[in-house]
Amino acid sequence: MSGPDHDGPRAGAAYDALLVGGGIMSATLATLLHHVEPTWRIGIVERLDELAQESSGPWNNAGTGHAALCELNYSPQLPDGTVDVSKALDVNEQFQVSRQLWAFLVENGALPDPSTFVRPTPHLSFVWGAENVEYLRRRYDALISHPLFAGMEFTTDPEVIAGWAPLLMDGRDRSEPVAATRALGGTDVDFGSLTRQLITGLADSGAVELLTGIEVRGLRRTPEGWHVTGQGGFAADARFVFVGAGGQALTLLQRSKIEEIRGFGGFPVSGEFWRTTDPELVARHQAKVYGKAAVGAPPMSVPHLDTRVVDGAPSLMFGPYAGFSPRFLKHGSLFDLLRSVRLHNLRPMLQAGLRNLGLVVYLVKELIAGRDRQLRELQTFFPAATADKWEKITAGQRVQVIKDVPGKGGVLQFGTEVITARDGSIAGLLGASPGASTAVPAMLDVMARCFPDRMEDWRPALEKAIPSYGRRLGDDPELARTVLAQTAYSLDLEPASR
C-alpha cells in the first residue's frame, strides 16, 4: 500500500493512519510512523477511558523483558535429547530491536526517565530433579557461545543458587538435585507506563490525535481506504487502519471481511497471580525466576517468581495460575467467544479443541484449584512460603490463535500472528506472548507488509533509531557487543553488581 503525501493534517475526521487500541502495539506503531512520516495525520482510538488497561497494564502481564534469558518454553528438548534454542535466539534478537528504539527515544528526550518503565533485573532459570538439571545444562551449553547470551552463568551448587535468589533454597531439601542459570542483563518492564508515555508524548506534541472512551464497532472498505465507525456516533476515514485491540482484534478484523482473516479463531485463557509487598520477602528476592511448565500445561503457564516495580513500588509476583473465561478482554463480554465463531472458522476451532483436550482438562483443574493447592505450587519455588503474606490478583485475558493450516486443519498456536490485507490497507495483531517485548519488530513487520514501496525511503530514519535494523546481532558479535553496551548505558541497565 502506498501511503498518502500531503503538507500537513487535513480538517475533519480523516487520517493517514488510524490505530485501534491504546496499548503498547499502537503506541509503538504510532511512534515509528511519526518518526518516518512526521506530517501524517495519525489517530489512536481506545474503547476505555484510560490507556493501557488491558494486556499492556503492569498487573495484566509478567513485566518480563522477554529475551529468552530465562524462559524455558522457548528452548524445548527434542526426542533425541538435544535442546532446540532457535526460538530463544529469535526472541532475543527481537527484544534487542525493541531496546534500541527505547534507547533512541530516551537519548532524544521523548522518554525522559528510563527508570519509570525499565529496570535491570537478573533473569534466572531454576529447575529441580536429575532430568531437569541435565536439560538445563544442555540448554546452557547451546546458548553460552552466542553473543546475545554471553555472560550467562550455570550452577548446580545450592549455596550459589541461595546467593542468587535466597527464597528458592529457603526450606528446600538440599539433597534434591537443583540447577540454575543467571543472566544479569535481564529486565523488568512496566509496559503500561511505557505505553502511556509514548502515546501522551505524541498527543501532547500534536503528532497524534487520541480519542478515548470510544469502542470501534464497524470497518467498511472505501475506495480510499476504510470508513471506521463506533459508539457515540464516532466516524472517521483512514487510508490505513491498524487493529491493535488485544483479544478484540480477531472480531474487529472479522468485521472488516478481509479474506486473510478467514479460518482464524481464538481460544481465550485467563490467569491469576499471587502478589506480595512484604518488605522482607521483596528485599530477599531481586530476580525474575522461571521454571518448567507442568506436563500438559500451555507454554504461557510457565511458573515464575518475579521482582516487579510498578509506579516505583517493589513487589513479588508468582504465577500464572491459568483458567478459562469466554471473554476476549479483561473488560470484555461473556459472549466474546461465541460472537467470534463464523462458518469459516468453526471447523478449525472444533479441530483445535479436539486436539487439545488435555489443555482443556488442565485449565478446568486450574480453574477449580483452591488456595491450598495454589500455595503448594508457590512452595515448589519458595518452600517456606505462607499464604498470609500473599494476595491474589487477576491478570489480563489472552486469546491464543487458532489457525487453519493446510494439511493439518485447525491448530492452536502460541505466540503472535500479524494479519494484513493483500492491499496493505489494514493490519492487525493476534495472539500473546512474547507480545509486548517484541512490539517494535512486530510493528516493523506491519510496516514492511503494508508499505513495501516506502521501506527503502524510510530506511535511513529507521537505521538512526535502530542501529541494527535489517541485520541479526547474532551474525555480528562486535555489533552485538556495541548495541548491548549502548542500550544498557542509555536505558541505565548496567547491573549494580555480580
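This passage describes the overall build of a predicted model and the packing of two of its helices, α1 and α6.

The secondary structure of the chain consists of 15 helices and 20 strands. For the 498 residues of the chain, the globule rule gives a radius of gyration of 23 Å; the value for the model is 22 Å, close to this, so the chain is as compact as a globular protein of that length. The C-alpha trace spans about 70 × 50 × 45 Å along its principal axes. Of the 498 residues, 58% are buried. When contacts between residues at least 6 apart in sequence are considered, 73% of them join residues at least 24 apart.

Two packed helices are described by the angle between their axes and the distance between the axes. Helix α1 covers residues 24-36 and helix α6 covers residues 191-204. Their axes come within 9 Å and cross at roughly 40°. Angles under 35 degrees count as roughly parallel and those of 65 to 115 as roughly perpendicular; α1 and α6 are therefore oblique to each other. The crossing in which α1 passes α6 is left-handed.

On the side of α1, the contact is made by I24, A27, A30, T31 and H34. On the side of α6, F191, L194, T195, L198, I199 and L202 take part. Sorted by class, the residues in the contact of α1 with α6 comprise 8 nonpolar and 3 polar ones, with no charged residues.

Definitions and conventions: Residues numbered from 1 in each chain as written. Predicted model: local features only at pLDDT ≥ 70, side-chain atom pairs only at ≥ 80, totals over all residues. Heavy atoms only, no water. Axes fitted to C-alpha atoms, helices over the stretch in contact; angles between N-to-C directions. Helix = DSSP H or I, 4+ residues; strand = E, 2+ residues; numbered from the N terminus. Parallel < 35°, antiparallel > 145°, perpendicular 65-115°, else oblique. Left-handed = near helix turned anticlockwise from the far one by under 90°. Contact = heavy atoms within 4.5 Å. Nonpolar A, V, L, I, M, F, W, Y, C, P; charged D, E, K, R; others polar. Rg over C-alpha atoms; globule rule 2.2 N^0.38 Å. Buried < 20%, exposed > 50% of the residue type's maximum accessible area, 1.4 Å probe, protein only.
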